[in-house]
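This report walks through one protein chain, from its overall layout down to single residues. Please keep the sequence and the 3D view side by side.

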Amino acid sequence: MFSQADFIQYAQWSGIATLVLAALTVLGFIFKWGLRFRLVGTTGFMLVLTVGLFSLSLAPLTRTVIPGALRYNLVYDNGSTQTVIAIPPQISPTQLEATLRQAASDLYSYGRLGRPGDNQLTIRARTIIHPEPGVSIPLYLGQIKRSLANREDPQMAIDIYQDKFAQLPKSNTSS
């Protein structure tokens, strides 16, 4: 992933190229070159590209990494207050807590809309168990509720359903 310093350097080089093209465009109009209008378009494109690269250098593109979090898959997201993530059945309660915190950080967005009286994002974690051949049952192991308005929510509520861990296959809970 590119860093802010990379984007600053790319913006500088793009800015230099834009200035060179602008000078060529001016020369094209002075000497009435046939490609002068193409140079106007190319200079305009380079100007937009330079502004875009510069704006990317202003905003951090880093992602918060929570230690101990496992990979998860997003199963359901209604775009506002409800999401469900899928986690592996080989998860411990401490890994689940870290994974829920990671999902809360990853899935936060200013574009999520709350409902009146419900301004929290609820992320539920589930896994699939197979009690007998041919039968699959979703098992919800926990959830986290976080604010939709505050990116750094200090009051996230984490619920881990300890009783559900007893239903996981014994060979998978050894981690």
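How many helices and strands does the protein chain have? There are 4 helices and 5 strands. The model behind this count is predicted.

## Overall layout

Read from the N terminus, the elements of the protein chain run α-α-β-β-α-β-β-β-α. The radius of gyration is 25 Å, well over the 16 Å that the globule rule gives for 175 residues, so the protein chain is more spread out than a compact globule. The C-alpha trace spans about 80 × 40 × 30 Å along its principal axes.

Buried residues account for 31% of the 175 residues. The accessible surface of the protein chain is about 11,000 Å². Carbon and sulfur atoms hold 62% of that surface. Take the contacts between residues at least 6 apart in sequence: 60% of them join residues at least 24 apart.

## Helix 1

Helix 1 covers residues 4–30.

The buried residues of helix 1 are Phe-7, Ala-11, Ser-14, Thr-18, Leu-21, Thr-25 and Gly-28. An α-helix has 3.6 residues a turn, so residues three or four places apart point the same way. What do the buried residues of helix 1 pack against? Their partner is helix 2, residues 36–58. After helix 1 comes Lys-32, with a positive phi near 55°.

## The nonpolar patch

Which residues make the nonpolar surface patch of about 970 Å²? They are Trp-13, Ile-16, Val-20, Leu-24, Val-26, Leu-27, Ile-30, Phe-31, Trp-33 and Leu-35.

Val-20 lies in helix 1. Its relative accessibility is 47%, so Val-20 counts as partly exposed. Ile-30 also lies in helix 1. With a relative accessible area of 55%, Ile-30 is exposed; the cut-off for exposed is over 50%. Val-20 also gives a distance across the chain: its C-alpha atom is separated by 8.8 Å from that of Thr-43, 23 residues away in sequence.

Thr-83 is found in strand 2, residues 82–86. Is Thr-83 buried or exposed? At 0% relative accessibility, Thr-83 counts as buried.

Which residues does Thr-83 touch, leaving aside neighbours within four places in sequence? Its contacts are Leu-74, Tyr-76, Asp-77, Leu-107, Arg-112, Leu-121, Thr-122, Ile-123 and Arg-124. Two of these residues, Asp-77 and Arg-112, return in the next section as a salt bridge.

## Salt bridges

The count comes to 2 salt bridges. In one of them, Arg-112 pairs with Asp-77, and the closest N and O atoms are 2.7 Å apart. Arg-112 lies in the loop between helix 3 and strand 3, and Asp-77 lies in strand 1 (residues 73–77), so the pair ties together parts that are 35 residues apart in sequence. Arg-112 is buried, at a relative accessible area of 10%. Asp-77 is partly exposed, at 31%.

Arg-101 and Glu-97 also meet through their side chains in a salt bridge, at 3.5 Å from N to O. Where do Arg-101 and Glu-97 lie? Both are in helix 3, 4 residues apart, about one turn of the helix. Arg-101 is partly exposed, with a relative accessible area of 32%. Glu-97 is partly exposed too, at 32%.

Tyr-110 lies in the loop between helix 3 (93–106) and strand 3 (120–129). Arg-112 is in this loop as well. Tyr-110 is exposed, with a relative accessible area of 68%, whereas Arg-112 is buried at 10%.

How far apart in space are Tyr-110 and Gly-79? Their C-alpha atoms are 11 Å apart, while 31 residues separate Tyr-110 and Gly-79 in sequence.

Notes
Residues are numbered from 1 along each chain as its sequence is written. This is a predicted model: local features need pLDDT of at least 70, side-chain atom pairs count only at pLDDT 80 or more; totals for chains, interfaces and linings use all residues. Side-chain values use heavy atoms; hydrogens and water are left out. Patches are made of residues with over 30% relative accessible area and no salt bridge: like charges are joined within 9 Å, nonpolar side chains (Val, Leu, Ile, Met, Phe, Trp, Tyr) within 5 Å. Accessible areas come from the Shrake-Rupley method with a 1.4 Å probe; for residues, only the protein chains shown count as cover. A salt bridge is a side-chain nitrogen of Lys or Arg within 4 Å of a carboxyl oxygen of Asp or Glu. Helices (H or I, at least four residues) and strands (E, at least two) are DSSP runs, numbered from the N terminus. Buried means under 20% relative accessible area, exposed over 50%, partly exposed in between (1.4 Å probe, protein chains only). Contact means heavy atoms within 4.5 Å. The radius of gyration is taken over C-alpha atoms; the globule rule is 2.2 Å times the number of residues to the power 0.38.
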